[in-house]
Amino acid sequence: MAIEDHKQQGGGPPAAPVFAGAARRRFARGGLAGAILTLKSQPGMACSVCNSPSGNASGNLNSHAPKLLVCSGKSVDYWRDNPSRWDHGCPSGTKFNKKFNCMGISPLYNQTMLSILQRPSYDHDKVPLLCIAAYQNALAKLTSFLTAAQVQTIWNEYYSHGSYTPVAGKQWNGAQIAAYLSGTMD
């Protein structure tokens with residue numbers, strides 16, 4: 001309806017749009033703007049999951065203090081094929097049980113991380129392989145939202161209980177852990 005038509009019908013000027021002026025600026029400064037900036041900062045949208053396990057479990061994209069997001073995790077195949085790129089604090093010859101909980105009866109015990117990546121039959125969901133790759137990604141700072149300690153916690157809880165609890169009331173089985181960790185890699 002044109003302004004003239006509205007005035008002819010006895011009303012004043014039409015109401016301002018809902019997101020006019022200050023309201024629009026508050027909205028832009030809020031969570032949605034942070035989510036949009038976060039999505040745009042991903043190089044080529046390589047990773048499909050770019051948040052912590054708890055953020056992923058809750059589906060929360062809002063942040064009142066968005067920070068630069070790094071989501072460039074490398075795959076299991078990359079770390080298997082490039083052992084010279086491994087972090088100096090955890091070279092490819094590091095025993096799995098030195099960084100991740102693992103009892104002596106486990107086939108993972110006393111195996112090097114590289115040997116586990118080369119023989120991926122230890123777990124149907126490939127959680128150990130994905131944890132090794134995610135751990136290297138965290139050490140290389142290729143994922144700003146997932147630390148090496150968080151990866152260890154994911155594995156240690158999964159190994160001890162058969163599941164991981166990203167937030168209270170939710171449990172991830174091996175397939176869900178694998179889906180999350182895979183999503184943090186290109």
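I began with the meaning of a helix here: helices are DSSP runs of H or I with at least four residues, strands are DSSP runs of E with at least two, and both are numbered from the N terminus. With that settled, I looked up Lys98 and found this residue in helix α6.

I noted that the model is predicted, that local features need pLDDT of at least 70 and side-chain atom pairs pLDDT 80 or more, while totals for chains, interfaces and linings use all residues. I also noted that residues are numbered from 1 along each chain as its sequence is written, and that side-chain values use heavy atoms, with hydrogens and water left out.

Entry on Lys98. Is Lys98 buried or exposed? I read a relative accessibility of 62%, so Lys98 counts as exposed (buried is under 20% relative accessible area, exposed over 50%, partly exposed in between, with a 1.4 Å probe and protein chains only). I then checked the C-alpha atoms of Lys98 and Met113, which are separated by 9.8 Å and belong to residues 15 apart along the chain.

Entry on two loop residues. I found Asn110 in the loop between α6 (96-99) and α7 (113-118), with a positive phi near 65° although the residue is not glycine, and with a relative accessible area of 46%, which makes Asn110 partly exposed. I found Lys126 in the loop between α7 and α8, where its phi is also positive, about 65°, again in a residue that is not a glycine; at 36% relative accessibility, Lys126 is partly exposed.

Entry on a helix pair. I saw that helix α8 (residues 127-139) packs with helix α10 (residues 174-183) at an angle of about 30°, their axes being 9 Å apart (axes are lines fitted to C-alpha atoms over the stretch in contact, and angles run from 0 to 180 degrees between N-to-C directions). That is why α8 is roughly parallel to α10, a label for angles under 35 degrees, whereas those over 145 are roughly antiparallel, those from 65 to 115 roughly perpendicular and the rest oblique.

Entry on the core. I looked up the largest nonpolar core, which has 39 residues, and Ile177 is one of those that touch the most other members (such a core is a set of buried Ala, Val, Leu, Ile, Met, Phe, Trp, Tyr and Cys residues joined through side-chain atoms within 4.5 Å). The largest share of this core, nine residues, comes from α8. Leaving aside residues up to four places away in sequence, I listed the residues that Ile177 touches as Val127, Ile154, Tyr158, Tyr164 and Trp172, where contact means heavy atoms within 4.5 Å.
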